[in-house]
Amino acid sequence: VQVKTNRTRSKFWLVGEHARRLKAESHIYVLVNLLDAAGSFEAWVVPSVSLAPLVKKQDARASTWWYVEQADLESFREAWHTFSPGSSAGSPDSSS
């Protein structure tokens, strides 16, 4: 499990270049937006096999940023069932 956290609500997460290449059924990203000081949060639980093709690259003046956008991940919002025994890690909705 790899957790990426934004201190406030955001529409993207920085993931690093490796996220494009790392694809394993056992590797899952939990992308978190913290909402307040009381500890409220929202989360997207995304298998790496699903996240890898969604990674985008942004070249800046002195660096390169690798990121995923929330809009591409909505089917994985609060997908905690991904951790359930027998779940299909590549599927955002294994309950159907």
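## Sheet, cores and an aromatic pair

Phe-83 is partly exposed, with a relative accessible area of 40%. Partly exposed lies between buried (under 20% relative accessible area) and exposed (over 50%), using a 1.4 Å probe and protein chains only. This is a predicted model: local features need pLDDT of at least 70, side-chain atom pairs count only at pLDDT 80 or more, and totals for chains, interfaces and linings use all residues. Residues are numbered from 1 along each chain as its sequence is written, and side-chain values use heavy atoms, with hydrogens and water left out.

**Aromatic pairs.** The structure holds three aromatic pairs. In one of them, Trp-80 and Phe-83 have ring centres 6.4 Å apart and planes at 25°, so they are stacked. Rings of Phe, Tyr and Trp (its six-membered ring) pair if their centres lie within 6.5 Å; planes under 30 degrees apart count as stacked, over 60 as edge-to-face and the rest as tilted.

| Residue | Relative accessible area | Class |
|---|---|---|
| His-27 | 12% | buried |
| Trp-80 | 37% | partly exposed |
| Phe-83 | 40% | partly exposed |

**The sheet.** Three strands form an open sheet in the order β1-β3-β4, with mixed pairing. Its edge strands, β1 (2-6) and β4 (41-47), each pair on one side only. Strands are DSSP runs (E, at least two residues), as are helices (H or I, at least four), numbered from the N terminus. Two strands pair if DSSP finds at least two bridges between them. β1 and β3 (residues 28-34) run parallel and are joined by five bridges. Gln-2 has Tyr-29 of β3 as its bridge partner.

**His-27.** This residue sits in the loop between α1 (18-21) and β3. Beyond its neighbours within four places in sequence, His-27 is in contact (heavy atoms within 4.5 Å) with Val-1, Gln-2, Leu-22, Pro-47 and Ser-48.

**Nonpolar cores.** A nonpolar core is a set of buried Ala, Val, Leu, Ile, Met, Phe, Trp, Tyr and Cys residues joined through side-chain atoms within 4.5 Å. The largest has 13 residues; Leu-31, Val-46, Leu-51, Val-55, Val-68 and Leu-73 touch the most other members. At least two residues of this core come from each of β3, β4 and β6 (64-69). A second, separate core of six residues includes Ile-28, Ala-43, Val-45 and Ala-79. Leaving aside neighbours within four places in sequence, Val-46 contacts Ile-28, Tyr-29, Leu-31, Leu-51, Leu-73 and Phe-76.
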